[in-house]
Amino acid sequence: MKMPRYFAALAAFLSACTLVSAAQSQTEAAHPVVLHAARLLDVESGRIVKPGEVLVQGERLVEVGSRVAHPASAEVIDLGDTTLLPGLIDAHVHLFLHPGAEDLQTVEESVPQRTILATLAARADLMAGFTAERDMGTEGAGSADTAVRNAIDQGLVPGPRLRISGNAVDILGGHEDANHFNPAQHVLSNATYANNPAELVTAIREQLKEGADFIKIYETGPDTVRDGRFSTIYQYTEAELKTAVDEAARSGKRVAVHATGEPGTLYAAQAGVVSIDHANQLSDETMRIMREKQIFAVPTFTIFEYFSEHAQSPEQGARDRQMLDLHAIEFRKQLAAGVPMAVGSDVGPFPHGTQARELELMVKYGMTPIAALQADLLNGAKLLGWQGQIGELKPGYLADVIAVPGDPSEDITVLEKVSFVMKSGVVHRK
């Protein structure tokens with residue numbers, strides 16, 4: 001008899017719990033650890049240090065350089081011909097999605113089943129070197145990501161440190177509503193309805209009560225390309241988005257938006273959101289505001305590439321490829337205009353643990369490897385609100401350290417070959 005997919009997932013989940021419990025017992029001893037490698041990346045300067053060493057005590061970095069103290073009680077881990085660098089950051093993930101028909105996942109799979117699969121997705125991302133992530137909506141699973149974040153924080157399951165948004169916010173008939181189903185069936189939206197400022201405030205208060213770290217709002221959709229021109233429908237006015245930004249700020253929280261193009265991207269920038277995710281199209285005025293307010297663009301190239309390569313028809317594949325090509329052209333304009341960039345892949349619809357591809361595409365479309373790494377690590381730490389804690393290898397920072405073969409400042413593709421992962425001083429992959 002075949003075991004249903006979710007029972008198999010549960011078995012793997014319980015096995016992962018055993019592994020993380022063993023890792024936790026290591027960190028409880030809090031013995032000093034020295035990591036040694038051929039190289040170490042100084043993210044801020046973009047310089048490679050040879051050789052590279054870090055001294056870890058408990059969950060923190062104590063010393064970093066070409067040679068650090070080796071206390072008598074220290075465990076020395078020699079990682080050979082690799083480069084040490086901070087754990088990677090993915091600022092746009094969907095732990096509650098996996099490859100396949102997205103709309104059917106959210107209808108056919110129960111929230112408990114999806115939560116189990118989300119813990120496995122979190123583990124896959126961690127093992128790929130992503131030690132911090134921003135979950136951009138559970139796609140209809142409500143505040144279930146609160147439970148996943150808390151379980152990771154409590155050491156019950158392995159995964160990246162998380163900033164979570166719960167269910168995203170959308171209008172009736174908007175981007176994530178069940179628009180392709182028979183309306184008489186009353187299929188639930190994958191987001192929380194908010195159709196006016198009062199409802200936005202109510203939705204935000206509900207999500208914060210349920211544990212959200214930030215608010216995710218769908219500002220545009222659907223997207224079309226006609227005669228080589230990109231266009232999209234906005235969902236909220238600038239005034240409505242400003243209401244949302246102000247309400248979130250009242251509790252010390254921020255708003256991120258799914259916004260692919262004008263005028264929705266302009267409304268989002270004017271309202272003062274923290275990031276504009278996808279950012280396929282930004283006007284000169286929008287880019288000016290983003291540069292001045294330091295609003296991050298998160299391009300998410302990987303999801304566009306994946307859709308173009310896995311389209312249901314050649315015609316759809318051609319449309320998706322055209323969308324990606326236009327996005328790349330706009331990205332180069334954004335770089336030239338000085339728009340701050342962060343790295344987010346939109347992983348979920350494509351396999352978890354493979355999102356290092358995002359940095360490769362950012363390099364392919366105009367960034368240097370060092371600039372892409374700085375966008376990921378320095379800007380990612382700021383976007384997630386953990387600046388001064390993660391994103392660099394410095395004394396006092398959390399001991400989130402990975403190792404890759406070769407030199408990522410010259411060959412960004414080595415990020416696909418992570419061989420060592422430490423998070424908060426606990427070794428998860430060796």
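This is a predicted model: local features need pLDDT of at least 70, side-chain atom pairs count only at pLDDT 80 or more; totals for chains, interfaces and linings use all residues.
Two packed helices are described by the angle between their axes and the distance between the axes. For helix α6, spanning residues 238-250, and helix α7, spanning residues 264-271, the packing angle is about 40° and the axes lie 8 Å apart. Helix α6 is therefore oblique to α7, since angles under 35 degrees count as roughly parallel and those of 65 to 115 as roughly perpendicular. The crossing of α6 past α7 is right-handed. On the α6 side, the contact involves Glu238, Leu241, Lys242 and Val245, which meet Tyr267, Ala268, Gln270 and Ala271 of α7. By residue class, this contact of α6 with α7 comprises five nonpolar residues, one polar residue and two charged residues.

The sheet is open and consists of three strands in the order β8-β9-β10, paired in parallel.

Strand β9 (residues 130-135) runs parallel to β10 and is joined to β10 by four bridges. Alanine 132 has arginine 161, in β10, as its bridge partner. Helix α12, formed by residues 369-383, packs on the sheet and touches β8 and β9. The direction of α12 makes about 55° with that of β8.

Terms used: Residues are numbered from 1 along each chain as its sequence is written. Side-chain values use heavy atoms; hydrogens and water are left out. Axes are lines fitted to C-alpha atoms, for helices over the stretch in contact, and angles run from 0 to 180 degrees between N-to-C directions. Helices (H or I, at least four residues) and strands (E, at least two) are DSSP runs, numbered from the N terminus. Angles under 35 degrees count as roughly parallel, over 145 as roughly antiparallel, 65 to 115 as roughly perpendicular and the rest as oblique. A crossing is left-handed if the near helix is turned anticlockwise from the far one by less than a right angle, and right-handed if clockwise. Contact means heavy atoms within 4.5 Å. Ala, Val, Leu, Ile, Met, Phe, Trp, Tyr, Cys and Pro count as nonpolar, Asp, Glu, Lys and Arg as charged, and the others, Gly among them, as polar. Two strands pair if DSSP finds at least two bridges between them.
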